[in-house]
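Q: Please take a close look at one part of this model, namely how its side chains and secondary-structure elements pack against one another. I would like a connected account, with the cut-off behind each term that you use.

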Amino acid sequence: MPVSPLAVVISTYNAPDFLRLTLEGYRQQSDKAFVIYIADDGSTDETKILIERLRRNFPVPVHHIWQPDDGFRKARIHNRVIARIDEPYTLLTDGDCIPLPELVAAHRRFATDHIFISGSRVLLSATWTATLCAQSAALTTDRPAIWWLQQRFKGHINRVMPLLLPAALSPASTRLEGIRGCHLSCPTAALRQINGFDESFEGWGREDSDLTARLLHAGLKRRNLRGQPVLHLWHREFSRQQLTENDALLQACLDEKRVEALCGLKQLEESHG
């Protein structure tokens, strides 16, 4: 399917140092045919000021969609963003995931109507994450293989092979296992068909798995992107207080083969009358 440009949705919450590194990664993309939507779940003005400063000379449009801080409401802010997207294809990612220079190009090149693309990640150490956040300069990710091997030897990253592989897609499958929300792309129309993210999920956990399960139920196939992993900045784990309830919600979705979110885009539109 022709997709030009692509929508890149970046979720964030009170992590301006992470967001800066992530956005600088998108500044370095070889393919500039994309628009950024920052899905902000209630950050303070520090994040707003950062975005306003960076967008002045950013090579692509940057939209900042914010909602008041009322606990972990990632699903809701994503729905608010999805409702605004004009682009035919959407890449969902997080503000703690630095892209390699060919990430957008890979997702655009492989985009088709009836699949969603699930990407992988390489974990950064706590020490290297702290060092990167303390530096004013961006991380240059266009590096030769020997440089990445050195970072692995130093313990800065947990694996190196995905960084060295050329971008390619796995065969299509309908497996849900192994899905990570670090970067996932699909037609924007498919996100609307399944009624977006399900806001029934409160607190951290399983909202991404629920979304991908419903994409599968809607008839899309999954293909994994090999190569072009994102660099996942280290941080403490989110509270898992709601995980038991969210596991039950996900299981109900799987048992019912549900396609539409119980509380999603349609309900958001109705609430805004």
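A: Contact here means heavy atoms within 4.5 Å. The structure is a predicted model, in which local features need pLDDT of at least 70 and side-chain atom pairs count only at pLDDT 80 or more, while totals for chains, interfaces and linings use all residues. Residues are numbered from 1 along each chain as its sequence is written, and side-chain values use heavy atoms, with hydrogens and water left out.

With a relative accessibility of 17%, Ser209 counts as buried (under 20% relative accessible area is buried, over 50% exposed and in between partly exposed, for a 1.4 Å probe and protein chains only). Once residues up to four places away in sequence are set aside, Ser209 touches Leu176 and Leu250. The C-alpha atom of Ser209 also lies 9.8 Å from that of Asp247, a residue 38 positions away along the chain.

Helix α9 (residues 207-217) and helix α10 (residues 243-256) have axes that come within 10 Å and cross at roughly 5 degrees, where axes are lines fitted to C-alpha atoms over the stretch in contact and angles run from 0 to 180 degrees between N-to-C directions. The two helices, α9 and α10, are therefore roughly parallel to each other (under 35 degrees is roughly parallel, over 145 roughly antiparallel, 65 to 115 roughly perpendicular and the rest oblique). On the α9 side the contact is made by Ser209, Asp210, Ala213, Arg214 and His217, and on the α10 side by Leu250, Cys253 and Leu254. Sorted by class, the contact of α9 with α10 holds 4 nonpolar, 2 polar and 2 charged residues (Ala, Val, Leu, Ile, Met, Phe, Trp, Tyr, Cys and Pro are nonpolar, Asp, Glu, Lys and Arg charged, and the others, Gly among them, polar).

Another helix pair is formed by α1 and helix α5 (residues 126-134), whose axes come within 9 Å and cross at roughly 80 degrees. That angle makes α1 roughly perpendicular to α5. Here Asp17, Phe18, Arg20 and Leu21 of α1 meet Thr129, Leu132 and Cys133 of α5, and the residues of this contact between α1 and α5 divide into 4 nonpolar, 1 polar and 2 charged.

Helix α5 also contains Trp128, which is buried, with a relative accessible area of 7%. Apart from residues up to four places away in sequence, Trp128 touches Leu139, Trp147, Trp148, Gln151, His156 and Ile157. Leaving aside neighbours within four places in sequence, Gln151 is in contact with Trp128, His156 and Ile157, and Trp128 itself touches both His156 and Ile157.

The tryptophans lead on to the rings. The structure holds 3 aromatic pairs. The rings of Trp147 and Trp148 have centres 4.8 Å apart and planes at 80 degrees, so this pair is edge-to-face (rings of Phe, Tyr and Trp, the last by its six-membered ring, pair if their centres lie within 6.5 Å, with planes under 30 degrees apart stacked, over 60 edge-to-face and the rest tilted). Together with Trp128, the residues Trp147 and Trp148 form one aromatic cluster, and both Trp147 and Trp148 are buried. Arg143 lies over the face of Trp147, at 4.3 Å from the ring centre (a charge sits over a ring if NZ of Lys or CZ of Arg is within 6 Å of the ring centre and within 35 degrees of the ring normal). Likewise, the charged end of Arg109 sits over the ring of Phe110, 4.7 Å from its centre.

Loop residues complete the picture. Phe58, in the loop between α2 (45-55) and β3 (62-66), counts as buried at 10% relative accessibility. Not counting residues up to four places away in sequence, Phe58 touches Leu23, Tyr26, Arg27 and Ile36, and its C-alpha atom is 9.1 Å from that of Glu24, which is 34 residues away in sequence. Asn195, in the loop between α8 (188-193) and α9, has a positive phi near 70 degrees although it is a residue other than glycine, and at 1% relative accessibility Asn195 counts as buried. Asn14, in the loop between β1 (6-12) and α1 (16-27), also has a positive phi, of about 45 degrees, without being a glycine, but Asn14 is partly exposed, with a relative accessible area of 33%.

Terms used: Helix = DSSP H or I, 4+ residues; strand = E, 2+ residues; numbered from the N terminus.
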